[in-house]
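Visitor: Please show me the structure and walk me through it.

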Amino acid sequence: MSSKKKNTIRRKTKYRYNENDERTILEDILSFVSTFLIVSIIIVLFTSFVFKPALIQGKSMYPNFQNGERGLSNVIGVAMDGISRGDIVLAKTTTEKGEPATVIKRVIALPGETIECKDEQVYINGEALDESAYLDNDYAKDWLAKNGYFNYNFDPVTLKEDEYFLMGDNRPISLDSRDSGPYKKSQILAKDFLVLYPFEEFGYYS
């Protein structure tokens, strides 16, 4: 075999796995990178416009939700259905140290409404609010009997046109609008909660 022919074969097989393989290592790397980028873009779009990952941290929504439950919250739902009283929402806030955080709470009062709590009863525009659909009555009664309160009192708060009053279902220990003030609509990222883990708690909650 001539030197010229040997060089031709060497050039043709350079960076290939073997002489019969039509792919090169570089082509495989580029294929992997392009696939990775496409998947990353899909994930970003999905979590920005469809569902956001959500994690229950702490016991502010107990006993309806347990610490450590993981799932997804519906981004589209906020845009299409709006925000209603009683909705479970994923909202962005800041910690006491000024660090960004997300919380899962329940919408109690809507823009323009006045909310207050006295003698264990929440009032909206002076009318007693029925919360039996989402508060665990037995849990509330048990806490009240042991500690002397469940819904602690707070003075009337009138919401602006883009503000919502959020509270946790576990009222005695929840840090929410009673402490940090109302949430603006721009802070509410998604609504409802699809529990994916633990598997035995799988379900969609709104």
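**A guided look at the chain**

Guide: Just after helix α4, glycine 148 takes a positive phi of about 90°. Helices (H or I, at least four residues) and strands (E, at least two) are DSSP runs, numbered from the N terminus. This is a predicted model, in which local features need pLDDT of at least 70, side-chain atom pairs count only at pLDDT 80 or more, and totals for chains, interfaces and linings use all residues. Residues are numbered from 1 along each chain as its sequence is written, and side-chain values use heavy atoms, with hydrogens and water left out.

Visitor: At the start of helix α4, which backbone nitrogen does a side-chain oxygen of aspartate 136 reach?
Guide: Helix α4 covers residues 137–147. The side-chain oxygen of aspartate 136 comes to within 3.2 Å of the backbone nitrogen of aspartate 138.

Visitor: How many helices and strands does the protein chain have?
Guide: The helices and strands are counted as DSSP runs. The secondary structure comes to five helices and twelve strands.

Visitor: What percentage of the residues in the protein chain is buried?
Guide: Buried means under 20% relative accessible area, exposed over 50%, and partly exposed in between (1.4 Å probe, protein chains only). Among the 206 residues of the protein chain, the buried share is 34%.

Visitor: How many salt bridges are there?
Guide: Side chains of opposite charge can pair when their charged atoms come close. A salt bridge is a side-chain nitrogen of Lys or Arg within 4 Å of a carboxyl oxygen of Asp or Glu. By this rule the count is seven.

Visitor: Which residue forms a salt bridge with lysine 191?
Guide: The closest N and O atoms of the pair are 3.0 Å apart. Lysine 191 is in strand β11, and its partner is 104 residues apart from it, in the loop between α3 (75–81) and β3 (88–94).

Visitor: Where does glutamate 131, which pairs with arginine 171, lie?
Guide: The side chains of arginine 171 and glutamate 131 meet in a salt bridge (2.6 Å, N to O). Arginine 171 lies in the loop between β9 (163–167) and α5 (177–180), so the pair ties together parts that are 40 residues apart in sequence. Both arginine 171 and glutamate 131 are buried. Glutamate 131 lies in the loop between β7 (127–128) and α4.

Visitor: Glutamate 69 has no salt bridge; what is the nearest side chain of opposite charge?
Guide: Glutamate 69 is placed in the loop between β1 (51–55) and β2 (70–74), and it is buried. Lys and Arg count as positive and Asp and Glu as negative, while His and the chain ends are not counted. The nearest side chain of opposite charge is 11 Å away, and it belongs to arginine 70.

Visitor: Is phenylalanine 199 buried or exposed?
Guide: Phenylalanine 199 lies in the loop between β11 and β12. From C-alpha to C-alpha, phenylalanine 199 is 9.7 Å from arginine 70, although the two are 129 residues apart in sequence. Because its relative accessible area is 64%, phenylalanine 199 is exposed.

Visitor: What percentage of relative accessibility does phenylalanine 202 have?
Guide: Phenylalanine 202 is found in the loop between β11 (188–197) and β12 (203–205). Phenylalanine 202 counts as exposed because its relative accessibility is 54%.

Key
A polar contact is a pair of N or O atoms within 3.5 Å; within protein, one must be able to donate a hydrogen and the other to accept it, and residues adjacent in sequence count only if both atoms are side-chain atoms.
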